[in-house]
Amino acid sequence: MGDIVKKVSIRNLVEFILREGDIVSSSSGVRDPEVMQEGIRIHKYLQKRGGSAYKAEVNMSVEKTLLYDNYPLTIQIEGRADGVIENENDITINEIKSMYSDVTRLEKAYNVHLAQAKCYAAIYCNDYNVSEIKIRMTYCQIETMLIKEFEESFSSSELTGWFDSLVFSYAKWVAWECRWKEERDARIKQMKFPFEYRKGQFELVKNVYISILRGKNLFLQAPTGVGKTISTVFPAVAGMGQEKVSKIFYLTAKTITRTVAEDTFNMLIDNGLKLKVVTITAKEKICAYEKPECNPVACERAKGHYDRVNDAIYDLLTNEESISRSKIEEYASKHKVCPFEMCLDVTLWCDAVICDYNYVFDPTVYLKRYFAENNKDDYVFLIDESHNLVDRARGMYTARLSKGLVTDVRASVKNIDKKMYKALNAVNSSLLSYKRQCDEFMLMDNVGELILKVMRALSAYDDFLKDVLPKTPEYGNTDDLIQLYFDLRFFSAIYDIMNEKYRIYADYDEKGDFRVTLNCMDPSDNLRACLKKGRAAVFFSATLLPVKYYMEQLGAGKEDYAIYAESSFKSEQQLVMAATDVSSKYTRRNDREYARIADYIVKFTRAKNGNYMVFFPSYKMLTDIMEHLPDEEHIEYIVQRRNMNEEDKEKFLESFSHVTDNIKIGLCVMGGVFGEGIDLREDMLIGAVIVGTGLPMVSNERQLYKDYYDEYNKRGFDYAYLYPGMNKVLQAAGRVIRTAYDKGSILLLDERFAQRSYTSLFPREWNDVKYVNSSNIENILENFWEK
């Protein structure tokens, strides 16, 4: 058996092995005092100031070979020192950290920061045979540029002994991983596809596998029923067995698709595969308490969490084959640690991670364990329902400040902290100045003055959270205080990365609160930067049309490509009709038009008793047309209501879980919770009516997108309205045919469905759309159902 090589970054090594103490957030939810994006500019400034002897951004690595538990291991440790100062008489390793809080109050360097620098120093001493070396920790306050430095000398022997001990502590984990991977890879090599390949499915699996081997991104238009989940998971796991894939991230937007992914991995495991898979559950759902309060005063598990969490993880890994939510909760309870934080750490030792898009792409919550540094690894991202990622990503990279929140928090600290009050008052003054210029909606060239005040407020905020708030137990506005802190930080961070793909605007929310928004118009650059951290990504959806639009928005490179998976269904399983003598246009919304639409719904559903869904463009139109539907004993209407809770949604879907002898019609809103992601198989749903083209409502923000893309490529209406609307139509229609045993009909109600701009977006499976009117629809349906 040859040596096992494990790669780890210096930062991850130090933070995993040397962490200790509490989850400390001072009620702010902030654990890491270092600032990431905001500090890049300061790093460069301080490095340039270092002079000719200063070498900036020095890559360092070392391989440590050792025997642990009879395993010969090679651990490759790498990182990048902020600076190495090579003077004639001495060598200094410089580590720079940028902070919002007052650095002059620091009495010593943070342990984990110093440990990183000691790793670099140990490697340097080994590489250049240096007997003694200095370490300089430089802390810089972002707003004031004040600097506090700590310098210490170390002997080479002292650093070598410390570093070897650190690596040996980590070797225990590597040895466990080696045993696991040997067993896992042996089983992967024996793995066989668990089903008989459907029509076109083998080609689909092959293309995914090839894209992973080549390290390219694949965009997959996969009609419902082709088995896209197993067709992406299986080749990704196969690539892991060939040592081409280090970890699989299965990314989803909805709970139901997360469950499908879990079921797929579990099926492979039940068939003999050994694989450790974990699903990241939201903190609010997995927290042991009613409300997450991540500090040692409010939560006993937060106190000493980092002293115990590694033991909890090792206990779980060595005693459990599978890692479910219940197992995470069980071992977190046993060791008295936070289940959410433990779950995030467990991902380090798992083969596959199922999670929301946020954990890879969102700059506020992404997994820093993998993506904080510029390192690249053989991660594969399987991005399910990826049509959702465009709007989600725009939101992730858009920042907003609301004047009302600033005003509320300012008032709450007025008699507590003058510095904090003054800083927030300055932010409020800038917002007030913008407000006086804005009647309803205002495009802005820049907000440079506001940003300076935001940075000063953040400096005051950090000191308030650290020094004032813990001594003020009577303070009662904690939730707003924390929310504004994160809003200010994020606003500052987004401002730092803004480019020509952003627009700044001011407007008022539905309650009249004034706000300033840094709006991401095109998220492709941001997503591309995330994707570069991995080996390959597979974007897949049943509605990735037009694919060029999604490739552009989702950050495709020149060598990335798209394929259209062949449908597994026979054409006679599905009837698609379009009625072009009705319309949902605002100019045509009247009782006469509603009556005609209702007549189509009645004729469509009377053709065969069973379960149907009708999708409307809005709640208002649903209500208006419902008044024209017949109230008959054999017809049952189930209506989607506004603000349904989880129990309401489950009851709604439960109504369709059995076949009826009468007619059951679900009245829903297009683009809502029932228009996507639900899986009603066979006769649980035999037909869907889509009323209208799904175009988003006209708004200032939507018009901003239109104007932006008109300027960019003359396709503003398509990008802002047509493509998002048709995606909702296709998703709603996709609820009907889910398995090879389904048969169902779809009726599109709007004259625009005959226009070229819409028909060009129809999927290939709709190549035989029948255009109907009120006089022939019943005969066409009768013929279809009698076949």
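Me: Which residues of helix H11 are buried, and against which strand and helices do the buried residues of H11 pack? Please continue from there to the sheets and to the other helices.

Reply: The model is a predicted one, and the description that follows should be read accordingly. The buried residues are Pro-339, Phe-340, Glu-341, Met-342, Cys-343, Leu-344, Asp-345 and Val-346. Buried here denotes a relative accessible area under 20%; the list includes Glu-341 and Asp-345, which count as charged by class. The surroundings of H11 consist of several elements: its buried residues pack against strand S9 (277-279), together with helix H8 (283-286), helix H9 (305-319), helix H10 (325-335), helix H12 (358-361) and helix H13 (368-371).

S9 belongs to an open sheet of 7 strands with parallel pairing, in the order S9-S10-S8-S11-S16-S7-S17. S9 is an edge strand of this sheet, as is strand S17 (561-564), and each pairs on one side only. From one strand to the next, the twist averages 15°. Within the sheet, strand S11 (residues 379-384) runs parallel to strand S16 (residues 536-541), and 5 bridges join the two. One of the pairings places Phe-381 with Ala-537 of S16 as its bridge partner.

A second open sheet has 4 strands, in the order S12-S15-S14-S13, and its pairing is antiparallel. Its edges are strand S12 (399-402) and strand S13 (441-444); each has a single partner strand, so one side of each is left without a neighbour in the sheet. The twist here averages 20° from one strand to the next. Strands S14 (residues 502-508) and S15 (residues 514-520) run antiparallel and are joined by 7 bridges, with Tyr-505 opposite Thr-517 in S15.

Another antiparallel pairing involves strand S2 (residues 54-68) and strand S3 (residues 71-86), which are linked over 14 bridges. Tyr-54 stands opposite Ile-85 in S3. The hairpin of S2 and S3 has 2 residues between the strands, and Asp-69 takes a positive phi near 55° there.

Among the helices, H6 (residues 228-241) and H7 (residues 255-270) have axes that come within 10 Å and cross at roughly 50°. That angle makes H6 oblique to H7, and the crossing is right-handed. On the H6 side, Thr-229, Ile-230, Val-233, Phe-234 and Val-237 take part, meeting Val-260, Ala-261, Thr-264, Phe-265, Met-267 and Leu-268 in H7. By class, this contact has 9 nonpolar, 2 polar and no charged residues. An α-helix has 3.6 residues a turn, so residues three or four places apart point the same way.

Finally, a single residue of a further helix may be considered. Asn-727 lies in helix H25 (residues 716-733) and is buried, with a relative accessible area of 7%. Leaving aside its neighbours within four places in sequence, Asn-727 is in contact with His-387, Thr-543 and Tyr-550.

Key: Residues numbered from 1 in each chain as written. Predicted model: local features only at pLDDT ≥ 70, side-chain atom pairs only at ≥ 80, totals over all residues. Heavy atoms only, no water. Buried < 20%, exposed > 50% of the residue type's maximum accessible area, 1.4 Å probe, protein only. Contact = heavy atoms within 4.5 Å. Axes fitted to C-alpha atoms, helices over the stretch in contact; angles between N-to-C directions. Parallel < 35°, antiparallel > 145°, perpendicular 65-115°, else oblique. Left-handed = near helix turned anticlockwise from the far one by under 90°. Pairing = 2+ DSSP bridges.
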